[in-house]
Amino acid sequence: RQMCIRDSFETLQMINLSIDRLESVFEFWLSATFAAIVASHLAGEKLTKIYAGMLTSIYLIFTFSVVVRSMAWSDALERYSKMLRTLRGDLSESATLDLVSVSIWATIILGTLATVFFIWHAYTTNKTAGSVISSDTKRD
């Protein structure tokens, strides 16, 4: 009985650690996403095709890294949750854990697509705005 309580407590600690790490990785990705959006917006006319491509490439590589880390922590969380259910004798799956996982992945996928779109939108808008401004100044 004593061993089962200690095992349950340790497993709960590992579940908590996995959730904390997963949230930390997600928050880090979210910060980098907003940084990429702000950088592309504030770059103005300096955002050339090469810079937009570099920003997109770096952002996508970073996002891939976050996805790999998130998958690792999600697997750990699933493994520890299964261990806890086994220790408790509960064989039912957690619908809440699945819902949280789906919402995180949906946010990462849609957020990545939207960020890449925004970077290239900022490039094309700034390029167009720059040519309009320069043609207006030539007339004056």
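User: Which helix supplies the largest share of the lining of the largest pocket?

Analyst: This is a predicted model, in which local features need pLDDT of at least 70, side-chain atom pairs count only at pLDDT 80 or more, and totals for chains, interfaces and linings use all residues. Residues are numbered from 1 along each chain as its sequence is written, and side-chain values use heavy atoms, without hydrogens or water. Helix 1 (2-42), helix 2 (49-88) and helix 3 (95-139) each contribute at least two lining residues (helices: DSSP runs of H or I, at least four residues, numbered from the N terminus). The largest share, seven residues, belongs to helix 2.

User: Which residues lie nearest the centre of the largest pocket?

Analyst: A pocket is an open set of points on a 1 Å grid where a 1.4 Å probe fits, with protein on both sides within 12 Å along at least five of seven lines; lining residues have an atom within 4 Å of a point. The lining here comprises 18 residues. By class, eight are nonpolar (Ala, Val, Leu, Ile, Met, Phe, Trp, Tyr, Cys or Pro), six are charged (Asp, Glu, Lys or Arg) and four are polar (the others, Gly among them). Nearest the centre are L22, S74, L77, L97 and S101.

User: What pattern does the chain follow along the sequence?

Analyst: The chain contains three helices and zero strands (DSSP runs of E, at least two residues). Read along the sequence, the pattern is α-α-α.

User: Is I50 buried or exposed?

Analyst: I50 is placed in helix 2. Buried means under 20% relative accessible area, exposed over 50%, and partly exposed in between (1.4 Å probe, protein chains only). Because its relative accessible area is 61%, I50 is exposed.
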